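Please consider the sequence and the three-dimensional model shown below.

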Amino acid sequence: ELKAGDAIAALRESLKPEATVKRQGKVYTMDATTLVPGDIVCLGAGGAIPADCVLRAGKPLQVDQAALTGESLPVTMYPGGNAKMGSTVTRGEIEATVSATGSQTFFGKTADLVQGVDELGHFEKVLNEIMVLLVLSGVVVCALVFLYLITIGVDFWEVLAFNVVLLVASIPIALRVVCTTTLALGCHELAAEKAIVARLSSVEELAGMTILCSDKTGTLTLNKMALQEHLPTFVP
């Protein structure tokens, strides 16, 4: 997971967006993460909108908001309109005033909601249930052994020492290590296919998937059409 995190961080660093900013009458090309509300940015065809902006005076602008709304056709925006971060300009040029940046943007608030979900995966829940069941079973067995040895007259301290050893031996310490090693091997196989795995538990969750639904071409496909000889048919 640490290596995957480093790979994702390096990928984000290489894809860091840039913005054309006008400050004190001069135009600069700078890191989009350094923008502040009130900055004047220059938006042009083919460029990404670096922050939530309010369009200034000028000609209408066509913006692709597919990443936000799923709409494939560009939207025409006029001066005074609100352009959202995460969308792309497809036609036109205009200046805009930054109204929100980072987590305060529409896109940033949505990303925070997604990242805020930090619940255990299915595999981790099952693993925790197994460990709790084994520990409880070990406690019950130790209690029965303790009562039996006491009733037949074995010394109390010997019985106590034996039960401590028995209880420690019943705790599945190596269970998580074995499962983590198995998932790591799965991550290695996925890495050979040029896939980055951020969480080990996602390997098991992906393996248990039966149907994967996607609504846009290019998200998981090559964004390229091709003819094939045979048409695969899936029957449930």
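## Basis of the report

The structure is a predicted model. Residue numbers count from 1 along each chain as its sequence is written.

The antiparallel pairing of β3 with β9 runs over 4 bridges, and Val 41 has Ala 96 in β9 as its bridge partner. The pairing of β4 with β9 is likewise antiparallel and comprises 4 bridges; here Cys 53 stands opposite Val 98 in β9. Cys 53 also stands opposite Ala 83 in β7. That contact belongs to the pairing of β4 and β7, which is antiparallel and extends over 2 bridges.

Strands β5 and β8 are joined in the antiparallel sense by 3 bridges. Gln 62 stands opposite Arg 91 in β8.

## The nonpolar cores

The largest nonpolar core has 19 residues, and the members that touch the most others are Leu 35, Val 41, Leu 43, Ile 49, Leu 55 and Leu 61. At least two residues of this core come from each of β1 (18-23), β3 (40-43), β4 (52-55), β5 (61-64) and β9 (94-100). The greatest contribution is that of β9, with 3 residues. Apart from this core lies another, of 8 residues, including Phe 123, Cys 187, Leu 200 and Val 203.

What does Leu 61 contact beyond its neighbours within four places in sequence? The residues in contact with Leu 61 are Leu 43, Leu 55, Val 75, Thr 76, Met 77, Val 89, Arg 91, Gly 92, Glu 93 and Ile 94.

Gln 65 is located in the loop between β5 and α2 (66-69). Is this residue buried or exposed? Gln 65 has a relative accessible area of 12%, and the limit for a buried residue is under 20%, so Gln 65 is buried.

When neighbours within four places in sequence are set aside, Gln 65 is in contact with Gly 70, Glu 71, Val 75, Met 77, Lys 84 and Ser 87.

## The packing of α4 and α6

Helix α4 (residues 122-151) packs against helix α6 (residues 173-192) at an angle of about 155°, and their axes are 11 Å apart. Angles over 145 degrees count as roughly antiparallel, and α4 and α6 are therefore roughly antiparallel to each other. Their crossing is right-handed.

Which residues meet between the two helices? On the α4 side they are Phe 123, Leu 127, Asn 128, Ile 130 and Met 131, and on the α6 side Leu 175, Arg 176, Cys 179 and Leu 183. Phe 123 is also among the residues of the core of 8 residues.

How values were computed: This is a predicted model: local features need pLDDT of at least 70, side-chain atom pairs count only at pLDDT 80 or more; totals for chains, interfaces and linings use all residues. Side-chain values use heavy atoms; hydrogens and water are left out. A nonpolar core is a set of buried Ala, Val, Leu, Ile, Met, Phe, Trp, Tyr and Cys residues joined through side-chain atoms within 4.5 Å. Buried means under 20% relative accessible area, exposed over 50%, partly exposed in between (1.4 Å probe, protein chains only). Contact means heavy atoms within 4.5 Å. Two strands pair if DSSP finds at least two bridges between them. Axes are lines fitted to C-alpha atoms, for helices over the stretch in contact, and angles run from 0 to 180 degrees between N-to-C directions. Angles under 35 degrees count as roughly parallel, over 145 as roughly antiparallel, 65 to 115 as roughly perpendicular and the rest as oblique. A crossing is left-handed if the near helix is turned anticlockwise from the far one by less than a right angle, and right-handed if clockwise.
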